[in-house]
Amino acid sequence: MREPTYYILAALQDEPAHGYAIMSRVAELSGDRVRLATGTLYQALDRLSKEALIEVVREEVVNGRARRHYALTPDGHSALQAEAARMAAAARVVLRPRAVGGAA
Amino acid sequence: MNERAYEVLLRLYPAGHPRDEMLDVLLTARRPMWREVPALVVGALRARTGNDHRWLYAARAAALLLLIHSAVGSAREVEATWLPLSTMQILVWVAVALAVGAIIAGWRVPAALAGVAAFAISAADGVDWRSVTAYSLAAVLLIIPGPSTPVRNPILLALALVPLDAVALGTAPSWLIGLGVLLWAVVDERVALAVGLAFCVAFLQVIADLPGSDARGVLILTGSRVGFVAAFLLVGAWVARRRVRV
């Protein structure tokens, strides 16, 4: 899974959100490392919708413009959990306490 | 000012796209335009070209390139009186026209049947072996089973009129066309894949045409052909692989 995708899914894990909220949450969760351009965000949302990892759950009109709210699907939730577990396992390989200098 | 510019840019997206919503995000985020514009343009072009069934689409697009390219090549040779205008040749062109129409419409079985017919008639005629080689590869590519993938791409139709050999031999304008196809992979890698697949036949044709004693010539041409085929296929496959990743 690509890093921006991971953070987009992570941004939706607690509650549905609209485009700008996702963009802000991704920046916040990644410590400002992943800053999505609007075009990139909507390419990702389109792809994730096609893969059935997210879905549109609500639509409203704000300032005369449509605003859709996206949410994780059960598949999206599973994919996010699986990726987080994979990265945690990979991190443990490096971060686990080790005896300095090896076995005597 | 920004709102008007963004509205114009968002018109590049297909009608079904959430343009309103994107405009809302763009105006709320208030980022510098130079940071937003490239992704907006690339996103719009990708949304317009579509990107499903990459390899299957590329195979059918390669068949389209080969069929048109060879039929146009034969027509040029008939015009230059190097080839006789026979009933068989006319039947080949009819089969090619049917196959091309079916590929564009996404009719898989009629496209495959017409492609095989073009190959069979040209092989029976046995006059223009370069075209026979191209039609044989086109027929094989069209037989590959899979869902309907209409190939409606004006870039491919235009590329079919460019002599593939000239691109592979690297004359200046042709180099630029090749480079353009590689750069276009940012938007639609299937064109690079199609050109790479179609180049395979140019490679086979040239090897068949070379005199056996000219080992250095064979080596140079083999290298250039393999290099070109590899460049287009590798770039296309690399982008396709990245796109498949979520």
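What is the order of the strands in the open sheet of chain A? The legends below start there.

This is a predicted model, in which local features need pLDDT of at least 70 and side-chain atom pairs count only at pLDDT 80 or more, while totals for chains, interfaces and linings use all residues. Residues are numbered from 1 along each chain as its sequence is written, and chains are lettered from A and ligands numbered from 1 in the order in which they are written.

**View 1. The open sheet of chain A.** Three strands line up here in the order E1-E3-E2, with antiparallel pairing. At the edges sit E1 (17-18) and E2, each pairing on one side only. Strands (E, at least two residues) and helices (H or I, at least four) are DSSP runs numbered from the N terminus, and two strands pair if DSSP finds at least two bridges between them.

View 2. Strand E2 (residues 54-62) and strand E3 (residues 65-72) of chain A run antiparallel and are joined by eight bridges. Follow the pairing and you'll find A:Arg58 opposite A:His69, and A:Val61 opposite A:Ala66. Two residues lie between the strands, and A:Asn63 in the turn has a positive phi of about 55 degrees.

**View 3. Where chain A touches chain B.** Here 21 residues of chain A are in contact with 19 residues of chain B; contact means that C-beta atoms, placed from the backbone, lie within 7 Å. On the chain A side, helix H2 (19-29), helix H3 (38-50) and E3 each give two or more residues, and H3(A) provides the largest share, with seven. That side divides into nine nonpolar, six polar and six charged residues. Ala, Val, Leu, Ile, Met, Phe, Trp, Tyr, Cys and Pro count as nonpolar, Asp, Glu, Lys and Arg as charged, and the others, Gly among them, as polar. From chain B, helix H2 (residues 19-29) lies across E2 and E3 of chain A, running at about 90 degrees to E3(A).

**View 4. Two crossing helices in chain B.** The axes of H1 (residues 2-10) and H2 of chain B come within 10 Å and cross at roughly 145 degrees. Axes are lines fitted to C-alpha atoms, for helices over the stretch in contact, with angles from 0 to 180 degrees between N-to-C directions. From H1(B), B:Glu3, B:Tyr6, B:Glu7 and B:Leu10 meet B:Arg19, B:Met22, B:Leu23, B:Leu26 and B:Leu27 of H2(B). Sorted by class, this contact has six nonpolar, no polar and three charged residues.

View 5. Chain B has twelve helices and zero strands, and 39% of its 246 residues are buried, with 20 or more other C-beta atoms within 10 Å of their own, C-beta atoms being placed from the backbone. A nonpolar core is a set of buried Ala, Val, Leu, Ile, Met, Phe, Trp, Tyr and Cys residues joined through C-beta atoms within 7 Å. The largest one has 52 residues, and B:Ala62, B:Leu64, B:Leu65, B:Leu67 and B:Ala194 touch the most other members. H4(B) gives the largest share of this core, twelve residues. Leaving out residues up to four places away in sequence, B:Leu67 touches B:Val96, B:Ala99, B:Val100, B:Gly115, B:Ala118 and B:Ala138.

Notes. Two residues are in contact if their C-beta atoms, placed from the backbone, lie within 7 Å. A residue is buried if 20 or more other C-beta atoms lie within 10 Å of its own, exposed if 12 or fewer, and partly exposed in between; C-beta atoms are placed from the backbone.
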